[in-house]
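Here is a short report on one predicted model. Look at the sequence and the fold first, then read on.

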Amino acid sequence: MDNLLNTINSPEDLQKLSLDELYELCDEIREKIIKTVSNNGGHLASNLGVVELTVALHRVFSSKDDKIVWDVGHQAYTHKILTGRRDSIATIRTKDGLSGYPNRMESEYDAFNVGHSSTSISAAFGIANAKLLSGEPGHVISLIGDGALTGGLAYEGLNNAGRFKKNFIVILNDNKMSISRNVGSMARYLAHIRTKPGYFKAKGNIESALNRLPHVGKPLHHFLSKSKAALKQILYNSTIFEDMGFYYYGPFDGHDLGKLIDVLENAKNINHPVLLHVLTCKGKGYPFAEQNPGAFHGISSFDIKTGKTAPAGENFSSVFGNNLCALANKDERICAITAAMQMGTGLVGFAKQFPGRFFDVGIAEEHAVTFAGGLAAGGMLPVCAIYSTFLQRGYDQIIHDAAIQRVKVTFAIDRAGVVGDDGETHQGIFDAAFLNTVPNITVYSPAFYDELYTSFQKALYECEGVSAVRYPRGKPMFKPFDFVSTGKAYDTYGQNGADLVIVTYGRLFSFACKALSSLRESGISVRIIKLNRITPVDTDVVAEAAAAGNIFFFEEGIQQGGIGEHFSFLLAQSGYRGEFRLRAITNFVPHATMLQSLSSLGLDDKGMVNMILTEYKK
Ligand SMILES: Cc1ncc(C[n+]2csc(CCOP(=O)(O)OP(=O)(O)O)c2C)c(N)n1
Ligand SMILES: CC(=O)[C@@H](O)[C@H](O)COP(=O)(O)O
Ligand SMILES: [Mg+2]
């Protein structure tokens, strides 16, 4: 029963509740989140961990003037529930429903759109400066996880914000977990702080004592400030955050509401950047998630009583992981790199089998790529497995630290194409276009498991320089029984001399095959050209498509600068004067299931058929 929750229509309503009632409210929120995620899927464990913290934030800060900036944003369900979206939370991550992440277009309470990690300090600091410049009142708070703190951008933010002369609050939500266990020296450092709370705790008291030093004339003030800094050094070990200009307070129990409210009230009154170190339990309140937070980080719908999901079976990621193990067994130079996505990219088996050649570098895609460049320069064969959307972070490194070096780095680009319910921030729709700009790169786009294996063989042993194999989230789509992948740069399907040619790549090939059958019933014959290697496009394939005189190109990727546009350029260069129609993606794609999105984009078989029936000219 949502007795209390039903009385909360905006964060202001929290003021009416006693501490005991606030705890009761947290229970109701937890129940709602568990129920919602068990239906829709979503990020359960991270959300359960920050219920008290979010309630405390909305209790202390004004929803009118103050801004909370979430990092990654996968943990903002309580925030959504408290900010007028209680009744629509059931629609989260579904088509036309709430986004799984904060979104400025969805609510005025969402200060910044997010989905990628480590942006919150920079964004919040930008907002704080805008407030200062425009004279707007209000506090700005960044809430960042210990995993997100492994991303370099977070340090760029800290570095910049540390010298701010006003209140600016960073809350570090430390649950020892990224998706998997958090890794790296910062994780070790936070563990050190956690195990010696008293060591750092004294500081708060010292600080306030020092701050109570009387106000004095300029020279004496200067002397006292210097002495204060020296005294601080002598009295306690400062944390890295203090060395970067923040006042550090903590660690605090992130499930103790009373304490959190107190700490936040105090932090609000400090005219300086403040870092509050809060300890939480990922998955708090749902035993299955507490015991296995990795499995309940991002989860599909599940049974609340047993904590079980439908069996996932094999998918592109798991097959990639197995393929890579097989290849690494034969070749000791092969190394695997992940940027905190060991499970998602299918590398758990590789990590166990080849611990010495497995590198989880944290949420640090830029570093992952440059690190791969270094490994390659040292004679290894690095395979950098990164989701398409997160590889956007590594564009400069692909050019500067791999391609220009003329080293052999292979990218395993997972989640290429439309990903479904994560929505706009996570769609893998840009990689084909941005990789196509890199000189001498080779990019494969397999549609089936056998092609995935062949593509990696080629990338690792036939290509020079940088290469990439990109494949979608989940499983392959329909494969006609009479289609055989040859392993060549392109394959064809359907009759020679057909009325028109469909050119496509990746899983859209399956939809094209279905479209071919439907169009046959309408008296239109189709031949399909399936590009296996999308960069560089094979010269023969351009001539083969041109011969048809009527070309429809379908692309599950951004149109601007994409493969389709490039293909049309190659056709024009070859003197082609026939028909060319291109359908690709021209805007950000909102959350929905993958099939719903492809349908809305006109990229499923029905969309292809409709376009051809409308635009085909004999
Ligand atoms: C640039 C980028 N890389 C990878 C991810 C995938 N990812 C989402 S959440 C997450 C772990 C975040 O850990 P933390 O910040 O500690 O939050 P927690 O889930 O523990 O609450 C990762 C790796 C991402 N969102 N953005
Ligand atoms: C929040 C985030 O960025 C990841 O948890 C992402 O949602 C994972 O997506 P997959 O479910 O495709 O692995
Ligand atoms: Mg964490």
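## Ground rules

Two strands pair if DSSP finds at least two bridges between them. Helices (H or I, at least four residues) and strands (E, at least two) are DSSP runs, numbered from the N terminus.

Residues are numbered from 1 along each chain as its sequence is written, while chains are lettered from A and ligands numbered from 1 in the order in which they are written. In this predicted model, local features need pLDDT of at least 70, side-chain atom pairs count only at pLDDT 80 or more, and totals for chains, interfaces and linings use all residues.

## The five-stranded sheet

Five strands form an open sheet in the order S12-S14-S13-S16-S17, with mixed pairing. Strand S12 (490–494) and strand S17 (579–585) are the edges, each pairing on one side only. Neighbouring strands are turned by 20° against each other on average, direction ignored. Such angles run from 0 to 180 degrees between N-to-C directions, with axes as lines fitted to C-alpha atoms, for helices over the stretch in contact.

S13 and S14 run parallel, joined by six bridges. Tyr505 has Leu531 in S14 as its bridge partner. The chain goes from S13 through H20 to S14 in a right-handed β-α-β crossover (clockwise from the first strand over the helix to the second, with the strands pointing away from the viewer). S13 is also parallel to S16, over three bridges. There, Ile502 is paired with Phe552. S16 (residues 550–558) in turn pairs with S17 in the parallel sense over six bridges. Ile551 has Phe580 in S17 as its bridge partner.

## Cover on the sheet

Six of the six residues of S13 are buried (20 or more other C-beta atoms within 10 Å of a residue's own; exposed means 12 or fewer, partly exposed in between; C-beta atoms are placed from the backbone). Leu500, Ile502 and Thr504 lie on one side, with Val501, Val503 and Tyr505 on the other. In a regular strand the side chains alternate between the two faces of the sheet.

Helix H20 (residues 508–521) lies across S12, S13, S14 and S16, at about 175° to S14. Helix H24 (residues 605–615) lies across S13, S16 and S17, at about 145° to S16.

## The annotated site

An unreviewed UniProt entry annotates Asp146 and Asn175 as "binding site". UniProt positions follow the numbering used here, feature names are shortened, and annotations may be inferred rather than shown by experiment. The largest C-alpha distance is 6.9 Å, although the positions spread over 30 residues of sequence.

Asp146 sits in the loop between S2 and H6. Asp146 is buried because 22 other C-beta atoms lie within 10 Å. Asn175 is in the loop between S3 and H7. Asn175 counts as buried, with 23 C-beta neighbours inside 10 Å.

Key:
Two residues are in contact if their C-beta atoms, placed from the backbone, lie within 7 Å.
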